Amino acid sequence: MGYIDELGQKVVQAKRRIASASTGEKNAVLIKIAQILRENTDFILEENEKDIADARQNGITETMVDRLRLTKERIEG
């Protein structure tokens, strides 16, 4: 089984778990994800700059580059 097939199976499993989770459980997970994003903002922004450079090198329009661009404010939002 290939990587994509395995990833697809994991998505299906996650979908089932999320569907059966309570609102409180879902909110707790979202809060934890937000915390992790905030803790890793500097790393995320550094990696995003690499993505932007790759996008420009591959001829992506500036409009699309802007959609790709992350800022501290966008992460916080």
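Predicted model: local features only at pLDDT ≥ 70, side-chain atom pairs only at ≥ 80, totals over all residues.
A nonpolar patch on the surface is formed by Tyr3, Ile4, Leu7 and Val11. Together these residues present about 450 Å² of accessible area. Ile4, one of the four, is located in helix α1, which spans residues 3-20. The relative accessibility of Ile4 is 63%, and Ile4 is therefore classed as exposed, the cut-off being over 50%.

The greatest contribution is that of α2, with 5 residues. In terms of residue class, 5 of the lining residues are nonpolar and 3 are charged, while no polar residue is present.

Side chains of opposite charge can pair when their charged atoms come close. In the model, 4 salt bridges are found. One of them joins the side chains of Glu76 and Arg38, with an N to O distance of 3.0 Å. This pair connects distant parts of the chain, since Glu76 belongs to helix α5 (residues 72-76) and Arg38 to helix α2, with a separation of 38 residues. Glu76 has a relative accessible area of 47% and is thus partly exposed. Arg38, with a relative accessible area of 45%, is likewise partly exposed.

A salt bridge is also formed between the side chains of Lys50 and Glu47, again with 3.0 Å from N to O. Both residues lie in helix α3 (residues 41-57). Because Lys50 and Glu47 are 3 residues apart in this helix, about one helical turn separates them. Lys50 is partly exposed at a relative accessible area of 49%. For Glu47 the corresponding value is 27%, which also places this residue in the partly exposed class, given that buried residues fall under 20%.

In a further salt bridge, Glu62 is paired with Arg56, and the closest N and O atoms are 2.9 Å apart. Glu62 counts as partly exposed, with a relative accessibility of 46%. Arg56 is assigned to the partly exposed class as well, its relative accessibility being 43%.

Technical notes. Residues numbered from 1 in each chain as written. Heavy atoms only, no water. Patch = residues over 30% accessible without salt bridge, like charges linked within 9 Å, V, L, I, M, F, W, Y side chains within 5 Å. Areas by Shrake-Rupley, 256 points an atom, 1.4 Å probe, with all protein chains shown as cover. Helix = DSSP H or I, 4+ residues; strand = E, 2+ residues; numbered from the N terminus. Buried < 20%, exposed > 50% of the residue type's maximum accessible area, 1.4 Å probe, protein only. Nonpolar A, V, L, I, M, F, W, Y, C, P; charged D, E, K, R; others polar.
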